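Below are notes on the model, as numbered points. Please read them beside the structure.

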Amino acid sequence: MDEVTGAQLVAESLKTQKVEYMFGIVGVPVIEVAMAAQAAGIKYVGMRNEQAACYAASAVGYITGRPGACLVVSGPGLIHALGGMANANMNCWPVIVIGGSSDRNQETAGAFQEFPQVEACRLYSKFSARPSSLEAIPSVVEKAVRTSIYGRPGAVYVDIAGDMVNAKVERNKVREAFCCPPPPVSLAATAAVKEALSVLTAAKTPLVVIGKGAAYSRAEDAVREFVEETGLPFLPTPMGKGVLPDDHPNCVAAARSRALLQADVVLLLGARLNWMLHFGLPPRFNPHVKIIQVDLCAEEMGNNVKAGVSLLGDISAVVTQLLLCVHKDGWKYPSNTEWWSTLSEKIAANAKISKALALKGTLPMNYYTVFHHISQLLPYDCIIVSEGANTMDIGRTMLNNYLPRHRLDAGTFGTMGVGLGFAIAAAAVERTKTKPQRVICVEGDSAFGFSGMEVETMCRYNLPVIIIVVNNNGIYSGVDSDTWKEMAKMGDLTSVAPPVSLLPEARYDEVMTAFGGRGFLVRTAEELRDALQLSLDDWERPSLLNVLIDPSSDRKQQEFPWLTRSNL
């Protein structure tokens with residue numbers, strides 16, 4: 001009689017659904033699930049916090065197109081993972097969370113870590129369920145994975161009662177579930193495609209906006225051909241960077257505000273008119289702008305601004321439809337227009353300002369100097385993970401991406417604390433490749449603090465992530481050591497220290513060395529270049545560069561504030 005445990009069924013079902021990575025923290029009642037996952041051929045990465053584990057699992061979903069699994073214990077363990085589930089849903093990334101829960105015969109009795117987990121997860125996921133029996137586990141896991149990747153991707157939850165983990169059932173009684181295929185590809189209506197091209201060809205100041213939806217749908221080849229065939233200027237959203245290289249001649253990211261404000265027609269490719277694109281409304285957009293919206297989610301059409309044309313379908317497939325019409329009509333936007341001249345002039349002016357800031361030789365360094373030197377050494381194909389306030393915003397403009405799905409950041413939810421989890425996920429995926437790419441995690445000092453203990457995870461698994469902490473002693477801004485000492489003399493620091501301040505010159509590099517990685521304290525451009533090159537040459541262990549900058553360093557003067565509030 002061939003018997004199988006609940007833990008084995010969970011693991012084997014995940015493997016059947018081509019889930020290759022699991023991140024989590026084990027304890028009662030899920031230890032056996034992690035062990036069974038390894039036995040089934042799933043790579044298990046033990047994390048230090050469930051939130052970071054869920055961030056990592058969701059990043060695998062974005063990078064590979066198949067959800068990563070996040071394994072958590074009951075009650076508080078699951079609650080810690082809810083932040084990662086919410087972030088995945090907002091980013092439209094697939095992730096499957098497997099949560100242990102209290103035994104079924106102890107429900108409502110005050111069991112250990114008892115909590116209404118299935119109900120709680122419904123707010124943060126597309127699907128939340130507990131298998132009714134061991135026999136049902138494969139079919140529930142199949143539906144969960146399918147739900148996570150079909151339609152708009154997102155988080156799903158499967159609850160496993162503690163008494164089901166080690167319970168056994170005869171294998172021939174288990175309902176077999178086959179691997180769900182990739183999501184079906186849908187096309188836009190032919191008439192809508194023709195209408196979109198008609199609107200686009202009539203535009204005087206057109207703009208293409210490339211979102212992370214285009215990256216997720218693997219639309220890079222179709223989008224590149226479309227942009228180059230039409231000659232249109234394009235602007236990537238933060239994680240749309242790399243779908244086309246940032247140094248592409250049609251990229252107008254350095255004139256972002258001007259491009260958005262003066263465009264009369266905007267073609268949105270997998271991007272949403274939310275806060276990141278200022279809702280598509282004045283004063284950041286032309287009040288008469290026409291929106292051509294390409295999205296796989298019908299409910300997204302017309303959010304905040306009525307779409308002039310709605311193209312519902314897979315981004316790559318719809319762009320291919322548009323390309324066929326372009327080829328048929330032979331249309332191309334002229335390169336000698338006043339619009340291109342306006343954008344080019346703004347790009348040159350902004351580049352001049354940034355270069356002047358970057359070449360300042362004063363100490364402590366500013367953000368622009370730091371990113372200037374980093375950008376000169378980073379490999380062309382590296383994956384850049386970034387989070388923080390100014391660190392992320394300035395870094396986005398100065399650290400180029402050349403390949404799709406090679407930038408991971410705070411995303412739609414603006415979540416701080418994602419960086420190290422994302423970096424661990426990217427490094428875990430890269431190490432399976434014949435020619436792995438470097439993972440560079442650029443953190444503000446405040447952002448690093450959310451999940452800093454995950455450097456131990458990197459050291460434990462020998463993941464050669466390079467962390468660069470841009471340390472300004474605070475959130476947005478801090479104070480120097482002398483000022484901090486003077487404030488301490490004034491009284492209790494809880495009463496006098498600015499709420500945005502952190503400990504000046506904190507030794508984050510020593511956190512890394514404590515676990516066996518390489519740590520560098522950096523004050524000058526020369527030290528930065530030397531430390532980064534040494535780290536890039538070392539594929540055996542992670543490194544952390546603690547880069548001390550001017551606590552008052554800030555972004556160059558912006559035409560508009562980064563967060564649009566007037567329309568909220």
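1. Helix α12 is followed by G330, which has a positive phi, near 70°. The helix itself covers residues 315-329, 15 residues in all, and reaches 21 Å from its first C-alpha to its last, close to the 21 Å expected at 1.5 Å a residue. The expected span is 1.5 Å times one less than the number of residues. Helices (H or I, at least four residues) and strands (E, at least two) are DSSP runs, numbered from the N terminus.

2. The model is predicted: local features need pLDDT of at least 70, side-chain atom pairs count only at pLDDT 80 or more, and totals for chains, interfaces and linings use all residues. Residues are numbered from 1 along each chain as its sequence is written, and side-chain values use heavy atoms, with hydrogens and water left out.

3. Which residues of α12 are buried? They are I315, S316, A317, V318, V319, Q321, L322, L323, C325 and V326. Buried means under 20% relative accessible area, exposed over 50%, and partly exposed in between (1.4 Å probe, protein chains only). These buried residues pack against the helices α8 (190-201), α9 (212-216) and α10 (220-230), and against the strands β11 (265-269), β12 (290-295) and β13 (309-312). Contact means heavy atoms within 4.5 Å.

4. There is one cavity of 30 Å³ or more. The largest cavity has a volume of about 360 Å³. It is lined by 26 residues, and K212, G213, G270, A271 and R272 are the closest to its centre. Helix α9 gives the most to this lining, with three residues. By class, the lining of the largest cavity has twelve nonpolar, nine polar and five charged residues. Ala, Val, Leu, Ile, Met, Phe, Trp, Tyr, Cys and Pro count as nonpolar, Asp, Glu, Lys and Arg as charged, and the others, Gly among them, as polar.

5. The second largest pocket holds about 490 Å³ of space. Among its 18 lining residues, I149, P183, P184, Y216 and D314 are the closest to its centre. The lining of this pocket divides into nine nonpolar, six polar and three charged residues. On a 1 Å grid over the protein atoms alone, a cavity is a set of points where a 1.4 Å probe fits but cannot get out, while a pocket is an open set with protein on both sides within 12 Å along at least five of seven lines; lining residues have an atom within 4 Å of a point. Grid points are joined across faces, edges and corners, and a volume is the space filled by probe spheres set on the points.

6. T337 is in the loop between α12 and α13 (338-358). With a relative accessible area of 17%, T337 is buried. A polar atom of the T337 side chain lies 3.2 Å from the backbone nitrogen of W340.

7. S125 sits in the loop between α5 (117-121) and β6 (127-129), and counts as buried because its relative accessibility is 12%. Its side chain reaches two backbone oxygens: that of C121 at 2.6 Å and that of F127 at 3.3 Å. Not counting residues up to four places away in sequence, S125 touches M85, N89, A155 and V156.

8. E527 belongs to helix α22 and is partly exposed, at 35% relative accessibility. The E527 side chain reaches the backbone nitrogen of R523 at 2.7 Å. Leaving aside neighbours within four places in sequence, E527 is in contact with L521 and V522.

9. Some backbone details deserve a check. A cis peptide bond joins P282 and P283, with omega about 10°; P283 is in the loop between β11 and β12. Another cis peptide bond joins L363 and P364, with omega about -5°. N304 is not a glycine, yet has a positive phi of about 75°; N304 is in the loop between β12 and β13.

Key. Polar contact = N/O pair within 3.5 Å; in protein donor to acceptor, adjacent residues only side chain to side chain.
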